[in-house]
Amino acid sequence: MVTAEDGGGDPVVTGKDGEGDPTGLRLRGVVVRYVATTAVDAVDLDVAAREVVALLGPSGSGKSSLLRAVAGLEPVAAGDITWAGQDVTGVPVHRRGFGLMFQEGQLFPHRTVAGNVGYGLDGLPRARRAERVAELLELVGLAGYGDRSVATLSGGQAQRVALARALAPAPALLLLDEPLSALDRGLRERLTGELHDILRATGTTALYVTHDHDEAFTVADRVAVMVDGRLVQVDRPARLWRRPVNQEVAGFLGYGPFLPGQVRGAVVRTGLGEVPLPAAAPGEAPGPAAPHGHVLVGLGPAALHVVTGEGWAGGDDVVVPVLATRFVRGRTEVDVALPGGERATAVTTATEVGAQVQVRMDPDGVAVVPQTASS
Ligand SMILES: Nc1ncnc2c1ncn2[C@@H]1O[C@H](COP(=O)(O)OP(=O)(O)OP(=O)(O)O)[C@@H](O)[C@H]1O
């Protein structure tokens, strides 16, 4: 169960780890413009040293443009970029000392794996360089692959080599742009977990662009959500998931449909019954005030449960028709038609299309967001 205030205007930022950290990355009023487009619109963001922040947002929201501006690959039209207290806004890309990793690792095809990983280590004596390359290959799970031609690698192995190459010079800041999105789902999930561990183990400060919220939640300490060139919410993963700031953010995270609700005291009344308004978790940083009056209750992927047999005690449950059934992620899900006409997914053990079932809303599976003029 989550609540949040409308995020129009300034982004909602909690857990401001980076703020005031003179050793981290600091963006103030950063604007990136192309001829007819303002791709990044006055972004303020702090990333603390050794912190990993994900830039998450739909396609075209300006994530890559912001990352490229930090890298020095894109000029900023306004604003400042500071690293470790030094203004780097006008510093050319190769003098910023930042590591870069992109969707396609862009390995040098005619070099071996070791040749790729050692590329940025020209200044080191030969023996030290070989040692460092071996160290990095071990870190990314490719020990012994040094002599292989990169042409013989699988997609996942190639991205590990690209990561090893980016980390080899121990960059002050690592900038990753959709580094795993060309890989298939299973491999991507596994590598996301590994990437998380590697970034922590090496104490790397990183900015990580992705449009996949699971990837962002796995890899990052905090997630910065971008919509239309602006940051709308910067939060820790669990908090972002439980308390998206508005319908747009909630919808992007996978909540929906949204049911109209009315806050009455400590509960929200909806056509599917009541859910309590949550109190802040113990130790949780104070966030936006709980919404009041007319709200929207977004149903998360496991918000609705079909109540079967003896467990059902009547009350708030409603009877709805089953429109479709499927077996996914090891469980049966059904699409049902809610009384308001919305099509929603419910979790169940088994049932058939056309059956009438009772559904119940799990308060932990929903997000409450303000109702705005457009919603
Ligand atoms: N080189 C360019 N010239 C003109 N417009 C551009 C250029 N690069 C990006 N844009 C525009 O700027 C906006 C932001 O693009 P950007 O690639 O930063 O978004 P994104 O969130 O990274 O998207 P995606 O997830 O699809 O990569 C889009 O409207 C895009 O069309």
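I call a residue buried if 20 or more other C-beta atoms lie within 10 Å of its own, exposed if 12 or fewer, and partly exposed in between, with C-beta atoms placed from the backbone. On that count, buried residues make up 42% of the 375 residues in the protein.

Two notes on the source. This is a predicted model, and local features need pLDDT of at least 70, side-chain atom pairs count only at pLDDT 80 or more, while totals for chains, interfaces and linings use all residues. Residues are numbered from 1 along each chain as its sequence is written.

**Overall build**

I looked up the secondary structure and got eight helices and 22 strands. Helices (H or I, at least four residues) and strands (E, at least two) are DSSP runs, numbered from the N terminus. For contacts, I take two residues whose C-beta atoms, placed from the backbone, lie within 7 Å. Among contacts between residues at least 6 apart in sequence, 71% join residues at least 24 apart.

**Domains**

The protein is divided into domain 1 (25-238) and domain 2 (243-370); these bounds come from an automatic or database domain assignment. I get 36 Å between the two domain centres, taken over C-alpha atoms. Six residues of domain 1 are in contact with six residues of domain 2. On the domain 1 side, strands E11 (222-227) and E12 (230-235) are the elements giving two or more residues. That side has four nonpolar, two polar and no charged residues. Here Ala, Val, Leu, Ile, Met, Phe, Trp, Tyr, Cys and Pro count as nonpolar, Asp, Glu, Lys and Arg as charged, and the others, Gly among them, as polar.

**Core**

A nonpolar core is a set of buried Ala, Val, Leu, Ile, Met, Phe, Trp, Tyr and Cys residues joined through C-beta atoms within 7 Å. The largest has 99 residues, and Ala54, Leu55, Tyr208 and Ala224 have the most contacts inside it. Helix H4 (residues 155-167) gives the most to this core, seven residues. Both domain 1 and domain 2 give residues to this core, so it lies between them.

I then checked Leu55: leaving out residues up to four places away in sequence, its contacts include Lys63, Leu66, Tyr208, Ala224 and Met226.

Val219 next, which is found in helix H6 (residues 213-219). Why is Val219 counted as buried? Because it has 28 C-beta neighbours inside 10 Å. Beyond four places in sequence, Val219 touches Val52, Ala54, Thr192, Leu195, His196 and Tyr208.

**Sheet and hairpins**

Strands pair if DSSP finds at least two bridges between them. Six bridges join E3 (residues 25-33) to E4, and Leu25 has Val47 as its bridge partner.

Further along, E18 (residues 318-328) and E19 (residues 331-337) run antiparallel over six bridges, with Phe327 opposite Thr332. Two residues sit between them in this hairpin, and Arg329 in the turn has a positive phi of about 50°. E19 also pairs antiparallel with E20 (residues 343-348) over six bridges, where Val336 partners Ala344. This hairpin has five residues between its strands, and Gly341 in the turn has a positive phi of about 100°.
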